[in-house]
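Okay, thanks for making time, everyone. Let me put the thing up on the screen and then walk you through a couple of spots.

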Amino acid sequence: MDYEKLANLLFPDVDKTPDYYEEKYPYRKLSKKAEVTRMAPSPTGFIHLGNLYSALADERIAHRHDGVFYLRIEDTDEKRKVEGAVDLIIKTLRYFDIEFDEGAGFPEDAEQNQYGPYVQRQRVEIYHTYAKDLVKKGLAYPCFQTEEELEELRKQQEEEKALTGYYGKYAKDRDLTYEEIEKNLAEGKPYVLRLHSQGTEGKEIVFKDEIKGEVKLPENIHDIVLLKKDGIPTYHFAHAIDDHLMRTTVVVRGGEWLASAPIHYELFNLLGFKMPKYAHTAHLMKIDEETGGKRKLSKRKDPELSLNYYMEDGYHPYCMKIYLLTLLNSNFEEWHNQFPDKPINEFPFSVEKMNQSGALFDKDKFMNISKNELSKLSEDEIYDFLYTWAETYAPDKKDIYFADKEKMLSILRLYMGVGMKRRRKDLAYAKQIFELISYFFTEEADSSADDFKMDEAEKKLILNDYLERFSYEADNTAWFDMLKEIADAHGYSSDIKAYKANPENFKGSVSDIAEAVRIAVTGRANTPDLWTIIHIMGEDAMRERIKKQL
RNA sequence: GGCUCAUUGGUCAAGUGGUUAAGACGUCGCCCUCUCACGGCGAAGACAGGAGUUCGACUCUCCUAUGAGCUACCA
């Protein structure tokens, strides 16, 4: 067989050689430690937590030592394509403070486009050049098998209990003559381009994974498809060419790719490429309600783990980043607690420290982190964050909550414990915060929340007395002393300890008095300092709310 | 079925032959306290199972179990 002739028959329009591209995309001039990573999503128009999780890993690895983090769009599968997906990806990641250094999304003539195009469908010329070269070397051939024939083959192999797939003696079209190929082509028969695998059955390769260490895998023997019948490359072929030509140094990808590593190993070898480092990551998992087991996040089954969900509820992107980092690198949390003031990007992120097994997304933990981190912000920062969130996610509330900036800031100071010895940690996410402080912005107390513990008559008696004695000018201690007086006057103990020592001597304690007032004013049994609440709300509002209970 | 990876408390996890098996979240108790939140102190709670190797195994080997992934002209 004259492979040269076959190559020209198959790719008459390809006039370039691999050397051309090798020269066009030279090795990057970066320091030794610098790594080049990429995020390579399909443009499905959907990003979820798992995507963010691995994008963050990529980004940290690249930016740890001034490397490059770029965006490549893997649109080789027609069915998955969605318009505007690239924009969505860039915007979403930007929301979480992750920026690309180059790749899709940058203008064509931009400096950040030097290794482009970064969209695979715009790279077919490149793939075909390498494909032609492979054909020339007798390492690839056209395969005219139909789906039915392949299906037939699979059945036959299953019956024989043989390994399924197109390989070795089963790869009939390996031996097609030039004339046969020419004839098929002339008849317009569709074909795919297959790799002529050089692997031997039973042989093993030792594959080094940056996270898992050395893994023994069987050598690839399959004549895998390089170019689909429409001339578009499969993931495997595109991966080899793109990551080589874009000079990727570390490929971070999901663990489901580990099994196909032998294919990539062979491909890189036959193409004469130096292999990048690989890091196969564990997926974020969740508990499956039906089976009770762990399983990987699925975009179809787990809409609540879409990034939109977290944006809509108003989780602070910084908190999300912190949480994901604690999952990604187990020593991050310790580092962050040790140096709370250091920018988190200074954390020495390491590939080796990444998890081997999939972690469950722990909402409690995330909540805890959110509360902790928000408590470190200033009231102005929280104000701005809430304002921005409300603009898009709660426009109806925006006008109400932000009508009076000073009032809002006072409320935030109250809830954050600004000025106290220690900050409070009540605030977790925007939606929850709006709910938490809602009673400040309604006509009356939140009647749906908590009920009074004392009976109607007693309640009215106490609240009446409270209104009579109340003085707006009284400071916090004077005001509380007044509550104690009420307690004493009605058979409650003004001294909590005395009450606890002999509860049978009293109807209750001053805390019951405070609670009655608290519920009357706010509708809730639990709030921060009541005196401050009253003074933010104003005397009239307070009196009105209490009168409603009489 | 074949191949691969994983398995330390409810969750996330330190740990690489000798430890009282860290720490964080959660849970519970106590203290502080007008409630809540914060903070402090404390408690319960784990090496999937079985064989080896070894003076000694969470750590090494093998087997079993369980879970996950791959086995496409999808990525």
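Predicted model: local features only at pLDDT ≥ 70, side-chain atom pairs only at ≥ 80, totals over all residues.

So, start with two helices: α8, residues 235-245, and α9, residues 261-271, pack with their axes 10 Å apart, at an angle of about 50 degrees. Oblique is what we call angles that fall between roughly parallel, under 35 degrees, and roughly perpendicular, 65 to 115, and α8 and α9 are therefore oblique to each other. As for handedness, the crossing of α8 past α9 is right-handed.

Who's touching whom? On the α8 side you've got H236, F237, H239 and A240, and on the α9 side I263, H264, L267, F268 and L271. Sort that contact by class and you get six nonpolar residues, three polar and no charged ones.

The scores are ipTM 0.93 and pTM 0.91. Chain A has an average pLDDT of 92, and 97% of the residues score at least 70.

Now over to the RNA. How many residues surround RNA strand B? There are 57, and the closest are D77, E256, S330, S511 and A514. If you want to find that surface by element, the ones giving two or more residues to it are β7 (213-218), β12 (294-296), α13 (363-374), α21 (510-522) and α22 (530-537).

Okay, that's me done.

How values were computed. Residues numbered from 1 in each chain as written. Chains lettered and ligands numbered in written order. Axes fitted to C-alpha atoms, helices over the stretch in contact; angles between N-to-C directions. Helix = DSSP H or I, 4+ residues; strand = E, 2+ residues; numbered from the N terminus. Parallel < 35°, antiparallel > 145°, perpendicular 65-115°, else oblique. Left-handed = near helix turned anticlockwise from the far one by under 90°. Contact = placed C-beta atoms within 7 Å. Nonpolar A, V, L, I, M, F, W, Y, C, P; charged D, E, K, R; others polar. pLDDT = per-residue confidence, 0-100. Near = placed C-beta within 6 Å.
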